[in-house]
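Dear colleague,

Please find below the structure that I am handing over to you, together with its sequence. My notes on it follow directly after.

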Amino acid sequence: MKLPILLALLFVTLPLATAGKSTTVKHKGKTNAAKTVAIAMPRFRWENFSTMNGLPNNHVFAVLVDGDRVWAGTEDGLALYEGGKWKVFTPADGLAHRVVLSLAADKRTGDLWVGTMAGLSHISAGRIDTYTQLNSGLSNDVVYGVGVQGEFVWTATAAGASRLNTRTGEWSLYNERNTPMAEIWTYAVSVGADKVYYAVWGSGVLEYTLATGRWKDYTDPDGENELVLFKDQGLIHKITTSVSYVDNTLWAATYFGDSHYDGRSWQNFMTKDSGLPSNFTNQVKGLDARRAWFCTDKGLAYYDGVNWAVYRPALDTGKPEMYIRDASGKITPVPVETAPAHNYMLGIDFQGDDVWVATAKGLSHGIRQK
Amino acid sequence: MKRGSGTALTLVAAAVAMSLLSVALPHVQANGPGGNDQYLSPSEMAFSPDGRLLYVVCERSDQLLVLNAKDGAVLQRIRVGHVPRTAAVSPDGRQVFVTNSWDDTVSVVDTTTNAVTRAITTGAEPYSVVVDRTGKTLYVANRISSDVSVIDIATGVERKRLMAGPGASYLAMSADGSRVYCSHVYPRIGAQRTVPQSEVTVIDTARETVVERILLDGVAGMFHVAVSTDGRLGVAAQMRPKNLVPLAHVEHGWAFGHSLTVFGADAGGTIEVPLDELEHYYSLQYGVAIAPDKSRIFVTASGSDVVTVIDTKRLLTFAHSRRKPFVNDLSASANYVMARIAVGKNPRGVAMSPDGKRLYVANRMDDTLSVIDTASNKSVGTLDLGGPKNISALRRGEQLFTTSRYAFQGQFSCANCHIDSTFDGLTWDLEPDGFGKDIVDNRLIEDLSGTEPFKWNGGNASMSAECGSRTEMYFYRSQSYTPNELADLVDYIYSLPPRPNRFRLPDGQLTAAQERGKAIFDRKMNKFGKAIPEGNQCGYCHSGPKHTNQKQFNVGTGKWTDRSPVFDTPQLVNIALTAPYLHDESARSLEEIWTVFNPHEQHGATNDLTKDELNDLIQYLRTL
């Protein structure tokens with residue numbers, strides 16, 4: 001039991017430790033110094049939150065918007081931003097652990113599910129109930145991902161997937177014994193009405209179909225080979241970090257590029273042939289079948305189906321930076337005065353046209369500019 | 001032989017006879033709690049919007065009675081589902097909704113035809129129901145699933161289920177319809193041996209979400225909750241068990257206190273208000289009503305056959321004058337109690353006429369309603385609902401179970417700890433063996449025949465011993481039952497059937513996970529092919545129809561607080577309902593029995609199981 005936790009700590013802390021070592025990014029496309037931007041991509045004024053203005057810790061692993069409220073999962077508690085003030089929940093309040101890794105809202109009940117390093121917490125109108133591998137059927141205490149699908153709460157843990165039926169209290173576990181999960185390190189979960197997708201570290205993407213109760217796996221056709229022999233032949237890599245299922249479309253993130261799958265064909269994105277600032281992607285979140293946001297170690301990227309926009313503090317100077325890459329590969333800098341708190345991005349959520357971004361050095365609120 | 005010896009011999013003989021009688025009792029087949037006789041057991045009521053009709057829910061007879069409120073005549077007896085608990089009337093008066101606690105449904109009654117038109121599925125063991133002001137949405141408190149169902153009335157579809165507290169049971173809707181309040185009969189499952197804590201769950205009906213949980217420290221066992229018409233005052237009836245200290249003495253409320261929680265803007269927060277008196281107690285506060293002008297609060301003491309009338313203004317003035325909590329001050333009630341009105345046996349629910357002039361009280365144990373004139377605070381009549389006039393042994397036994405008149409100063413009854421003949425979710429420090437010694441979990445009392453002996457140490461060979469001398473010595477400290485009374489009480493307790501198991505498939509079959517769990521329960525070899533010693537197989541100790549071999553063992557769960565590590569093997573009937581577990585409730589969940597408290601495999605061979613397999617075993621246990 002200790003080994004997975006140690007490994008989990010390593011994977012959570014190592015990227016953060018290296019996040020500060022910014023390096024200059026060489027844009028893969030042609031740079032255009034023109035000041036006017038023909039392509040309309042969202043622009044933001046960034047407001048950043050850190051321990052200086054209310055966050056309990058600058059390492060923010062997850063962010064979730066619930067109406068006017070914003071929840072931030074940090075290394076030192078769960079923070080709630082409401083009415084211009086922060087409130088922090090810690091183990092002293094009943095939270096499973098101080099390190100909060102994942103968040104999911106039950107839109108129907110208004111409850112919040114919180115994945116931590118030591119269990120899953122359920123917050124309902126201030127009451128916190130915690131499920132652990134000792135007091136419940138939860139497969140493992142390290143809960144990297146959580147998603148709510150009606151009465152089911154799905155979790156991605158360091159020892160496989162778990163599903164809690166909140167009406168019956170029954171836990172169902174999914175691992176190497178009953179799924180095509182070669183590795184059981186599930187890293188993220190995305191739920192839809194009909195399907196559930198898991199990002200499984202080393203086992204690609206797993207798909208669960210609610211109607212049949214069956215699992216299907218999507219792995220890298222190149223296997224262990226880091227080369228991509230044929231573009232768009234399948235999932236870009238089997239070390240997956242994030243999945244997002246929206247509009248019957250799967251978006252998948254890996255540390256070696258990202259993938260899009262519409263049920264028939266794959267489309268893959270790497271720095272060499274897209275506007276991704278890095279192949280090292282911590283989270284992808286689709287807006288719909290065409291558009292998605294990518295949280296990478298070298299900035300936040302938005303893809304509108306054709307063009308890309310990147311938001312970050314410049315990797316070399318740290319100054320606010322935004323640029324757009326069009327379909328031809330032409331790169332156009334966009335003058336900006338603010339930037340997210342850090343280039344190492346871990347999570348994103350949306351509040352109308354605004355975005356909230358979890359970074360390694362604080363939580364950033366991107367306020368959409370007209 | 002001396003005369004005294006003869007008397008003693010006679011008593012011994014009687015005791016032996018009682019013991020044999022209890023052991024030899026055939027299992028009483030019952031279709032609901034208490035038997036399948038013709039008693040009504042009215043428990044709750046609801047008025048039609050125009051006040052002309054009074055609907056009365058009868059738990060025992062599975063009926064909804066329709067009464068002419070003017071003269072009390074029973075106009076109709078409508079068969080509803082099994083073990084109905086409460087009713088609510090739609091705002092237009094055209095429908096009455098009745099919760100059927102053993103069917104997990106709500107019966108919908110068309111008031112123009114007085115016929116049940118359909119049954120709506122709810123959560124497990126629906127207890128209370130309210131209708132929103134539009135007449136479109138039902139809220140149902142489910143006791144076993146501990147949640148509130150939000151149901152679209154037109155379609156009968158449950159839109160969502162909101163997490164409430166353990167044993168969610170009673171609901172009240174604010175007059176403006178914006179809030180639903182839910183109370184609970186069991187406390188939250190907190191850390192072992194800590195002060196019990198309960199909550200009033202507050203639901204925002206516009207968003208259909210829980211927006212507040214009003215915390216009540218020291219409270220376990222809440223019943224009705226009511227809200228004033230202006231929405232500024234809320235009241236909930238409750239018990240305050242003193243379960244953390246030895247029951248060495250019971251004076252001054254050190255076994256139970258009976259109180260109200262008042263909350264809302266008028267209260268300026270949450271205030272717990274005692275209703276007992278220094279030398280007399282009013283046990284098991286149950287039904288609550290607030291006068292339309294808010295001048296008075298009416299509370300039934302279901303163990304004391306009394307309705308207490310409280311002067312609201314005096315209560316709030318007194319409460320606001322006290323800077324510290326006064327819930328344990330038994331002299332306080334004299335400052336705000338206006339009257340104690342004697343009513344029938346085991347008064348439960350109350351209903352106030354729309355004009356506020358009459359309060360109706362459901363006397364559950366004598367099939368009557370008391371009618372109280374709210375101006376004079378006097379009982380002005382009793383309505384006979386037509387139950388059998390002969391009182392059977394089982395009925396007498398149930399009456400004994402629910403009355404507190406046998407206990408010192410009328411402090412409590414069996415039903416205080418065994419709420420609605422179940423359990424209370426608490427551990428108790430019962431024996432006079434020192435502070436914190438031999439802490440014991442209060443066990444469920446369903447389907448007990450064949451589970452003897454009783455007590456966690458197996459010290460009482462028969463129910464007669466359990467309920468007779470033990471109760472007299474350790475609990476009531478007062479009058480004992482006569483042999484006939486004890487026999488009736490024992491009959492009643494043995495008659496309590498198991499509630500329907502909600503974890504089995506409808507056809508009684510097991511799911512795949514439950515089947516796998518059963519194989520683990522029944523196995524004789526571990527996963528490595530090694531034989532499991534007979535005494536360490538689940539099915540050895542937990543054998544027979546009730547899953548107990550009725551013997552005592554050391555399974556490694558004893559603590560330093562226990563005088564002996566040897567415990568009686570508990571039956572597993574409806575084990576899923578009674579968390580926490582083990583003799584001292586040290587296991588918060590079934591999982592913890594093995595993940596935390598079985599390191600040396602004395603409590604079954606489980607250390608070879610994977611997490612999946614342990615989950616399967618637990619899925620099976622929940623079907624028992």
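Helices (H or I, at least four residues) and strands (E, at least two) are DSSP runs, numbered from the N terminus.

Before going further, please note that this is a predicted model, in which local features need pLDDT of at least 70 and side-chain atom pairs count only at pLDDT 80 or more, while totals for chains, interfaces and linings use all residues. Residues are numbered from 1 along each chain as its sequence is written, and chains are lettered from A and ligands numbered from 1 in the order in which they are written.

Two strands are taken to pair if DSSP finds at least two bridges between them. Strand 22 of chain B pairs with strand 21 (residues 285-290) of chain B over four bridges in the antiparallel sense, and B:Val299 in strand 22 has B:Val288 opposite. The hairpin of strands 21 and 22 of chain B has five residues between the strands, and B:Lys294 there takes a positive phi near 70°. Strand 22 of chain B is also joined by six bridges to strand 23 (residues 306-311) of chain B, and these two run antiparallel. In that pairing, B:Val307 of strand 23 is the bridge partner of B:Thr300. Four residues lie between strands 22 and 23 of chain B in their hairpin, where B:Asp305 in the turn has a positive phi of about 60°.

Open sheets in both chains

In chain B, four strands in the order 5-6-7-8 form an open sheet with antiparallel pairing. Its edge strands, strand 5 (84-89) and strand 8 (115-121) of chain B, each pair on one side only. Neighbouring strands of this sheet are turned by 25° against each other on average, direction ignored; axes are lines fitted to C-alpha atoms, for helices over the stretch in contact, and angles run from 0 to 180 degrees between N-to-C directions. Four bridges pair strand 5 of chain B with strand 6 (residues 95-100) of chain B in the antiparallel sense, and B:Asn100 in strand 6 stands opposite B:Pro84.

Chain A contains one helix and 31 strands, and 53% of its 370 residues count as buried. An open sheet of four strands in chain A has the order 11-12-13-14 and antiparallel pairing. Strand 11 (143-149) and strand 14 (171-174) of chain A are its edge strands, each pairing on one side only, and the twist averages 20° from one strand to the next. Strand 13 (residues 160-165) of chain A runs antiparallel to strand 14 of chain A, with four bridges joining them; A:Leu164 has A:Trp171 of strand 14 as its bridge partner.

Nonpolar cores

A nonpolar core is a set of buried Ala, Val, Leu, Ile, Met, Phe, Trp, Tyr and Cys residues joined through C-beta atoms within 7 Å. The largest has 141 residues, of which B:Tyr55 and B:Val56 touch the most other members. Helix 7 (residues 483-495) of chain B gives this core its largest share, seven residues. Apart from this core lies another of 105 residues, including A:Met181 and A:Trp356.

Where the chains meet

Two residues are in contact if their C-beta atoms, placed from the backbone, lie within 7 Å. The contact takes 22 residues from chain B and 19 residues from chain A. On the side of chain B that touches chain A, at least two residues each come from strand 12 (157-163), strand 16 (209-217), helix 10 (590-595) and helix 11 (611-621) of chain B.

B:Asp612 lies in helix 11 of chain B and touches A:Leu173 and A:Arg177, not counting residues up to four places away in sequence. B:Asp612 is buried, with 20 other C-beta atoms within 10 Å. Its C-alpha atom is separated by 9.2 Å from that of B:Ala513, 99 residues apart along the chain.

With kind regards

Terms used
Buried ≥ 20, exposed ≤ 12 C-beta atoms within 10 Å, placed from the backbone.
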